[in-house]
Amino acid sequence: MFNSRIFSIVRKEFVQLFRDPRTLALAVVIPIVQLFLLGYAATSDVRNISMAVWDQNKSPQSRQLLDAFRAADYFVIDHFVGSTEEYQKLIESGSARVALVIPPDYDRAVLQGNAQVLMVLDGSDASIGSTALSTARLVGQSFATKILAEQASINGRSALTPPVEVRTQVWYNPDLDSAYFMIPGVIGMILSFITTILTATAIVRERERGTIEQLIVTPIRSWELILGKLLPYVILAFVETFEIIIVGHFWFGVPVRGSLALIVFTSGLFLMSSLGIGLLASTIANTQQEAMLTVMMYNLPSLFLSGFFFPLEAMPQALQVVSYAIPLRYYLVVIRALLLKGVGLEAIQSEVIALAIFGIVIMTAAALRFRKRLD
Amino acid sequence: MKPNDLTFEHSNVQTLVHAQNLHKHFGNNHAVDGVSLQVKAGEIYGLVGSDGAGKTTTMRLLVGALLPNAGEINICGYDVAKQVEMARSTIGYLSQRFSMYEDLTVLENIRFFAEIRGLSSSEWLPRSMEILEFVGLAKFIDRRAGLLSGGMKQKLGLASALVTRPRLLLLDEPTTGVDPVTRQDFWQLVVKLVANREGEGVSVIISTPYMDEASRCHRVGFMKAGKIIAEDSPSNLRTRLNNRILELRGTPLKSLKQIAIQDEDVEEAAAFGDKLHLRVKEGKSNIVIARLQKQIESQNLNLISLREIPPTLEDVFILLTEFNHD
Amino acid sequence: MTEPVISVKNLTRRFGDFVAVDHISFDVQAGQIVGYLGPNGSGKTTTIRMLLGLLKPSDGSATVLGYDVFKQAEEIRARVGYMSQKFAIYDDLTTLENLTFYGGVYGITDKARINSTLELVGLNGHEKTLTRELSTGWRQRLSLAIALVHQPKLLFLDEPTSGVDPTARRAFWDLIYKLAEDGVTILVTTHYMDEAEYCERVGVMRDGKLLAMDTPTNLKTSIIKGDVWEVYARPLEKGLEILSALAGVERVGLAGDHLRTISQRVEKEAMQTLLISNGISVDKIERGEPTLEDVFLSLAR
């Protein structure tokens, strides 16, 4: 199957790639940049929520409540205020996200068992708001339980235990570090973006420069031409994959639990779709710009509907259905499972089959459209 | 894989190109509209016409880069519709645009096109050096193609088309925009190629809009609107207008032209800078010369010379297209 | 004598070490058609750019329409027309829209002027045609109309008739002659010998130098001293060898199916006898006409 004609195309592509520093930089540097951007900036973890406190009680009891909030690790008490207007201003300006108001008779009410505190939340950023809300509730409940238990022991009764306790265990990513979630995603994104763009433009560039005409009139066969043009980008894509895995592992500490062979195999299946899309775009576009736009029309929706940024479960039903038509969706499941969970083939069987089907269908369609002719 | 070879090898006169009634349209545009073409081994055939006459489309049909809507093409015994890869292996093609890779060196380009056409690693280097020597690029093998001058680019294109020793060379407007000195060199190469390998029978089809270039071909086909409107050797074409072209020099040219146009035996008068070319009716040139001389004298205009000149292909082309309009 | 429309003295332009235009001098009078003949890269375009004030000369002086190219580039540009070989017309606009647009660029909004320009080049009747549907010959006329819409006194034409057939070319040149009669001065740059033949005077450029400038006829008679013979003989290469060695023969070239020789005081019969005695068959020997290409090749040596 592999012959000297294909090899001569592959070698030519590499020589050209290495002589074009911009494309090479795009291919090698962009994955790392993306990785760092998404690994650090795009974190969806909510920590260090700024909190304003209006403690009208100033008793040991109120101080205990504040300690409980501090201990929860989600809040930082930045401001002590003395009026409603003050915390209102802080929340409006964004200096504080939440405000805790402790009434003047708080210590007495605690002893009577009917204390109330007011928590004011800035709900404009939904993710911060909801984290603050649920954390505040949890802090409140566990603090209340603690007080009950203390009071019981003071009254001489045996220690009270709550009737139901939910114990949580977080698997694979015990610290719920979102870099763990992002980095496998970056692999998927890079394999999809860079590969489609480079493949499409590499072929369209030959059309733009007129060299395709010279290629077409040689006795080379269509499939040899396709294979020769695509192989360098397959190699490049794998280089990028390992580049991300290595940096992700040693810098961000993302585990690599699954087998490398399986990672290469499934990535190869996914690449077939990306290369096919690039090839397909090259049969539609006449200029490199058109080619870029065409692959972007595929890449952007596929990124948003793949579960890269937002969990699929959170999407409306109709969009969830659409997401089944997106190869990246399956690949993200597969690569996350392989890196983080270290699963075997059985666990990701259906996704792998889906990837294989997509790859074969898209590639065949592209190869059929790519005729070795000028009309 | 060579079913047609037998009949081909044993025919006495080798017709390397045999195209019958080719049609190619793009939407409503009939780019090639019934072209038939036979080119014998050892022949330089010129497809001559303006932009849009159908020259490039005809070339692309011959090499199988476009599929004809109708018609048959046989190149060196291979049916282009059915054995396109075999047919292509006998063709060297130089497209109109410079289509080498500008970021590869001269040698890398040649190597690429040699290998892609199936030359093995032991064959390509000696073959490439030989061909680069032939076109005069041997000293520049390490230069990037993008840094070559226009003439050298042209020669590199020719070299890469020749590296597999094709029997048929298709050159699509190869000398547009190059130095006349380079153009001269380029033609010497083409003529040598055909003459050198007369025994092997190499043919060249060259397309050009230039009449002076057409006159260097063994045979030309004038193309207009997708059709070949006339086909013959340049000298035979010119004899159609023998003794019918006069050159008139004098001043003022405008008045001289008025006088010439009014003469009943002058069919056309065209200004060429400081002179006029007149086309006269058959057998009338002496009568016209005498008559015009007398008239110019009587009107006190300045006549420098009035003489019969050999017709050019341009004169013939204009005559033919006029005739075609009627 | 009136002031020349273009007057160039020792005009020079260097790009680093490379001398693109090397001390050229010439004058052009009003109503003349002057050709500037040379291959790509010979310095034609650089010269035109300097005359249009788009490039500063490194040395020398030049005036165009009486304005100094160093100081009055804007004045010059407002008064000259320029038609590029690339035909700077918008394919997706109609003929009239293209011309109206370019007219607007020069501040011409007068509809009558636009229409009379279209009429001048013979495009009336095609106003509503999308220019992409026009043939090369018609596109070339539209390009000319665009260059003429502001009624320039000087017109630069860059390879105006490359790629059109001889019939369209003759029709185009008839238009140019008409403009020249009306006093428009025309400077044509071309690498194309057939095109240069239409000019009244032709300057031959090579490697930045103006090798000669004269009428085509004078160039041919003064530079090509001998006779041109077209020799139909076989085999060609051996014929070439033998004729090259013959005394009086200045140049022999392969011209497809025959040899083209330029020689002084060599009789047709002498060539025939020599060739036949060397075993070469001679079909015929015809007298040829010297061309501007012959002139160029002689000057380039």
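Colleague: How many of the 301 residues of chain C, as a percentage, count as buried?

Modeller: In this predicted model, 45% of the 301 residues of chain C count as buried. The chain has eleven helices and 14 strands, and its C-alpha atoms fill a box of roughly 75 × 45 × 40 Å along the principal axes. Among the contacts in chain C with a separation of 6 or more, 68% are made by residues 24 or more positions apart.

Colleague: Which residues is M363(A) in contact with, leaving aside its neighbours within four places in sequence?

Modeller: They are M272(A), L275(A) and G276(A). By contrast, 58 Å separates the C-alpha atoms of M363(A) and D78(A), which are 285 residues apart along the chain.

Colleague: Let us turn to sheets. What is the order of the strands in the open sheet of six strands in chain B?

Modeller: Strands of a sheet pair through backbone hydrogen bonds, either parallel or antiparallel. In chain B the order is β6-β7-β8-β3-β9-β10, with mixed pairing. Strands β6 (91-94) and β10 (227-232) of chain B stand at the edges; each has a single partner strand, so one side of each lacks a neighbour in the sheet. On average, neighbouring strands of this sheet are turned by 15° against each other, direction ignored.

Colleague: How many bridges join β7 to β8 of chain B?

Modeller: Five bridges join these two strands, residues 168-172 and 203-208 of chain B, which run parallel. Within β8(B), I206(B) is the residue opposite L171(B).

Colleague: Which strands do helices α2 and α6 of chain B lie across?

Modeller: Helix α2(B), residues 55-62, lies across β3, β7, β8 and β9 of chain B, at about 150° to β7(B). Helix α6(B), residues 150-162, lies across β6 and β7 of chain B and runs at about 160° to β6(B).

Colleague: Finally, how many residues of chain B are in contact with chain C?

Modeller: On the chain B side there are 41 residues, in contact with 40 residues of chain C. The largest share of that side of chain B, eight residues, comes from α7(B). By type, the side of chain B divides into 18 nonpolar, twelve polar and eleven charged residues.

Technical notes: Residues are numbered from 1 along each chain as its sequence is written. Chains are lettered from A and ligands numbered from 1 in the order in which they are written. This is a predicted model: local features need pLDDT of at least 70, side-chain atom pairs count only at pLDDT 80 or more; totals for chains, interfaces and linings use all residues. Two residues are in contact if their C-beta atoms, placed from the backbone, lie within 7 Å. Helices (H or I, at least four residues) and strands (E, at least two) are DSSP runs, numbered from the N terminus. Ala, Val, Leu, Ile, Met, Phe, Trp, Tyr, Cys and Pro count as nonpolar, Asp, Glu, Lys and Arg as charged, and the others, Gly among them, as polar. A residue is buried if 20 or more other C-beta atoms lie within 10 Å of its own, exposed if 12 or fewer, and partly exposed in between; C-beta atoms are placed from the backbone. Two strands pair if DSSP finds at least two bridges between them. Axes are lines fitted to C-alpha atoms, for helices over the stretch in contact, and angles run from 0 to 180 degrees between N-to-C directions.
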